[in-house]
Amino acid sequence: MDDRTTQVLLIEDNPGDADLVRLRLLEGKSPVNVNCVHRLSEGLASLSSDTPTVVLLDLNLPDSHGAETFRRVRDHSPNVPIVVLSGLDDQVLAERAVHQGVQDYLVKGDISSKHLERAIRYAVERQALTLSLQIAQKQQLDFKNQFLDHVSHELRTPLTCIHQYVTLLLDGLAGPVSPDQTDHLRTILKSVNQLHAMLRDLLEATRAETGKMRIEPRCVSLNDLIHQTVAMMLPAADAKKIGLEIGVAVNLPLVHADPDRVLEVLINLVDNAIKFTPMNGAVMVQASVVEADMGTVYVSVADTGRGINPETKALIFERLYQDPDSVDNNRSGLGLGLFICREIVRLHGGRISVSSDPGQGSTFTFTLPAYSLPKLLAPVCAYEGRLRPNFILLRVELTPISSPPRGSWKDTAQQCLDVVRRCVYLDKDLVLPPMGNSGAGETFFIAAACDLEKSGIMATRIREQLERIPDLKAKCILTIVAAQVELPSNLASAPLEEQVQQLSEVFTGMIKASMERKQSATSQRLSNSNWAEPRPNRN
Amino acid sequence: MTTMQKPKILVVDDDPDLVRALRLRLRANNYEVTTATDGYTAVASAQKEHPALIILDLGLPVGDGFVVLDRLQNIDSLASVPVIVLSARDPQSNEQRALKAGAAAFFQKPADNDELMHAIQMNLSPGQPHTAHWPS
């Protein structure tokens, strides 16, 4: 067949209309081949096997109506141009379709072969243009990100040199320094640190944009993170005589979040609040839940600053946005902080927003998912609508030998967690998110649906796999213990949902007791009769 | 290692200015310092000088940091010498790789001096890791 032959897929259920369009197509000057189908499903099937030059599409078909019709064709074959065939009565819909990516529309009663030929030719050309535009945009984004990556790496080298020599001088390692000189050197160091922070933000923002930003959620206390933030920001607040206060609800649940990342968001918001609040103002960090939705924790940072005007509010979380009215314009950073915050919150499945009236201060609020054991347990602890018969709680404990641990402890802990996750049955065992910050040591809990005897096999498997990690033996001591879960005897009669809830409570109680015991006396770790080092029973 | 002898540190970086600054700081912290500015010399120097610890950049001429790590791991007398990587590269794509290749720690430039000195000290503290109890 001639390469220049226009392949038309005509999706039209009315035989009269279909014949008319076919006739008009064949009347034209250029060679054309028409494949006519009457249902959307047939059209999609045809698109799966062949790529036509253009789709002529009636919107009201036996198996699809209105906007839905072109959406489905577009989603199925985004690169094939579509021309909608509309009746006199659905022109509005056809116009809307053009706004949403359809190349053109023709009114059925008013089609000449010239019309049709031109519409098809333009549709094909427009589609090709759109496509090349998209490709160019992607190339540009890739190029920009590669460039930023390269630049931030190259800038680090001279920055490191400046940093080293300034600190050498400041530390008196190159001879005595006068108080005035020390003061000047501190100013240089401050600028170096600012540059460093900007480079970090630049890389973070690039990562966020390319989907390479990662989070490692754990079961963490937001209360601790807020206190940590406030402790860090207190000197900056004190310097401006700003009161920095905390208000955390008593019933605040733990959250399922990456502590380092959440800390980053909190520091950023509090730092901004202090920056934009005048002397003697106040900044308040709050965290709470609303009764209607206990699965979501709300965190807010409120200040008594000059507030944000409505136009700014809409743009404030965008990349590179800078407040044109900033009082501190020469030191305002790159305008990436809030963009990074938004991306971090989004990765946690949360939202971030700001409410403010000029002159009335601003409140930034973000949400994080509450840590819910029942939600995590539900998919694994039941089988065919019934709770599994036996459960054990396995505790895998890594205690670093040197303190602080040799090498990068955080990475070691993460590597171990990945190994442990590979050692369990995904459909009936659950490796719980790690608890708190991985500071001195790491404890993983596994809720497993088996009896104590079988837990030995699991423990051996975990130990064997963990011991394969190079150098782990040199870094930490490994302890694995298990305990049988004692369920209330009347549990079986309750609805499944309640059984899962109760099971979660039992697990939570055991974990709490186990963590407290660990804190109070490590030596008594195994003396409690509930916990035992599981022995494999291979008979 | 006796307490009388200063531990010897091999600093490998292709930026001579940075090498000079690190040498000053390490000497002030009571270490003996030897240096190299490319991958090939780094391995040769390690074999000759037998340092107690190596500070290694990743972007190096004549065999980059990963090549050096690999070479060191395959030389019996050097495999156990702790290597601290100090690089401007992105930790997200290089830290795990460096640790897997045998590095003891990864610091991104510019690194905090106190943290770096602490890491050096920790990795030099003798005996500890290997005498530890590991339940069988």
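Among contacts in chain A between residues at least 6 apart in sequence, 70% join residues at least 24 apart; two residues are in contact if their C-beta atoms, placed from the backbone, lie within 7 Å. This is a predicted model, in which local features need pLDDT of at least 70, side-chain atom pairs count only at pLDDT 80 or more, and totals for chains, interfaces and linings use all residues. Residues are numbered from 1 along each chain as its sequence is written, and chains are lettered from A and ligands numbered from 1 in the order in which they are written.

Select chain A. It has 15 helices and 18 strands; helices (H or I, at least four residues) and strands (E, at least two) are DSSP runs, numbered from the N terminus. Of its 539 residues, 31% count as buried. A residue is buried if 20 or more other C-beta atoms lie within 10 Å of its own, exposed if 12 or fewer, and partly exposed in between, with C-beta atoms placed from the backbone.

Next, show the open sheet of chain A, where 5 strands run in the order 2-1-3-4-5 with parallel pairing. Two strands pair if DSSP finds at least two bridges between them. Strand 2 (32–37) and strand 5 (104–107) of chain A are at the edges and have a single partner strand each, so one side of each lacks a neighbour in the sheet. From one strand to the next, the twist averages 20°.

Within this sheet, select residues 6–11 and 54–58 of chain A. These are strand 1 and strand 3, paired in the parallel sense over 4 bridges. L10(A) stands opposite L56(A) in strand 3 of chain A.

Axes are lines fitted to C-alpha atoms, for helices over the stretch in contact, and angles run from 0 to 180 degrees between N-to-C directions.

Now go to S356(A), in strand 11 (residues 352–356) of chain A. S356(A) counts as buried because it has 21 C-beta neighbours inside 10 Å. Leaving out residues up to four places away in sequence, S356(A) touches G307(A), I308(A), K313(A), G361(A), S362(A) and T363(A). The C-alpha atoms of S356(A) and G305(A) are separated by 9.9 Å, with the two residues 51 apart along the chain.

Finally, move to chain B and select strand 1 (residues 8–12) and strand 2 (residues 32–36), which pair in the parallel sense over 5 bridges. I9(B) stands opposite V33(B) in strand 2 of chain B.
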